[in-house]
Amino acid sequence: MDDAELVRQVLQGNLGAYVDLVKRYTAQIAALCRAHVPRADVVEDLVQETFLRGLDRLATLRESGRFGFWLYAIARNLCRDWRSDPEHEHVSLDDVATGSAVTSGEGDRADRTADVRSCIRRLPVELREVVGIYYAGGRARARKMLRACLEGENRAERAPPGST
């Protein structure tokens, strides 16, 4: 069932249809929020708030077939509001913990993960959003973009000084 039909059902009182929309967009909205806010606890809250506002304001949606774009706009605005609030502590992506300690056999993978994060951090916010959304959806394009970035870094590291 497409977004327009699900929106129509929600507006007629079928909240189960909204559950389907939430399931459809949760990973993408979370990826968008992670592109703006590197704190997992805040991202979770922003995703929930996005869907709550979406439900609350669904009757204002002019084109029900554009639900996803409309929802992304809500999420993006919530993230921007959070970042611009001086009461919130902003943590650099460089300062975000990478999780559990890496064992000796996982060193190369950890280095590669750090390289990927480095590439993503250097992208403009709009592109970080796109990469995050595609990557969360398992899209090959995001992987190609990251691979091209990483290959460019590897070539630059191997090149003799002054040759780049």
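1. A quick convention before we start: two residues are in contact when heavy atoms lie within 4.5 Å. By that rule, and not counting residues up to four places away in sequence, Val43 touches Ala30, Cys33, Arg34 and Val37.

2. Some housekeeping on where the values come from. This is a predicted model, in which local features need pLDDT of at least 70 and side-chain atom pairs count only at pLDDT 80 or more, while totals for chains, interfaces and linings use all residues. Residues are numbered from 1 along each chain as its sequence is written, and side-chain values use heavy atoms, with hydrogens and water left out.

3. Now the overall picture. The protein has seven helices and zero strands, where helices are DSSP runs of H or I with at least four residues, strands are E runs of at least two, and both are numbered from the N terminus. Of its 164 residues, 30% count as buried, meaning under 20% relative accessible area with a 1.4 Å probe and protein chains only (exposed is over 50%, partly exposed in between). Among contacts with a separation of 6 or more, 61% come from residues 24 or more positions apart.

4. Back to Val43, which is found in helix 3. Val43 counts as buried because its relative accessibility is 5%. From Val43 to Ile29 the sequence separation is 14 residues, and the C-alpha to C-alpha distance is 9.2 Å.

5. Ile29 deserves a look of its own. Leaving aside neighbours within four places in sequence, Ile29 is in contact with Val47, Thr50, Phe51, Leu71, Tyr72 and Ala75. Ile29 is also one of the residues with the most contacts inside the largest nonpolar core, alongside Leu21, Tyr25, Cys33, Leu46 and Phe67. That core has 28 residues; a nonpolar core here is a set of buried Ala, Val, Leu, Ile, Met, Phe, Trp, Tyr and Cys residues joined through side-chain atoms within 4.5 Å. Two or more core residues come from each of helix 1 (3-11), helix 2, helix 3 (40-56) and helix 4. Helix 4 gives the most, with nine residues.

6. How do helix 2 and helix 4 pack? Helix 2 (residues 15-36) and helix 4 (residues 67-84) meet at an angle of about 40°, with axes 10 Å apart. Axes are lines fitted to C-alpha atoms, for helices over the stretch in contact, and angles run from 0 to 180 degrees between N-to-C directions. The two helices are therefore oblique to each other, the class left over once angles under 35 degrees (roughly parallel), over 145 (roughly antiparallel) and 65 to 115 (roughly perpendicular) are set aside. Residues in this contact include Tyr18, Leu21 and Ile29 from helix 2, and Phe67, Leu71 and Ala75 from helix 4.

7. The helix 1 and helix 2 pair gives another packing to inspect. Their angle is about 140° and their axes are 7 Å apart. On the helix 1 side the residues are Asp3, Leu6, Val7, Gln9 and Val10, and they meet Leu15, Ala17, Tyr18, Asp20, Leu21, Arg24 and Tyr25 in helix 2.

8. Finally, is Gln9 buried or exposed? Gln9 lies in helix 1, and counts as buried because its relative accessibility is 19%. Not counting residues up to four places away in sequence, Gln9 touches Met1, Asn14 and Ala17.
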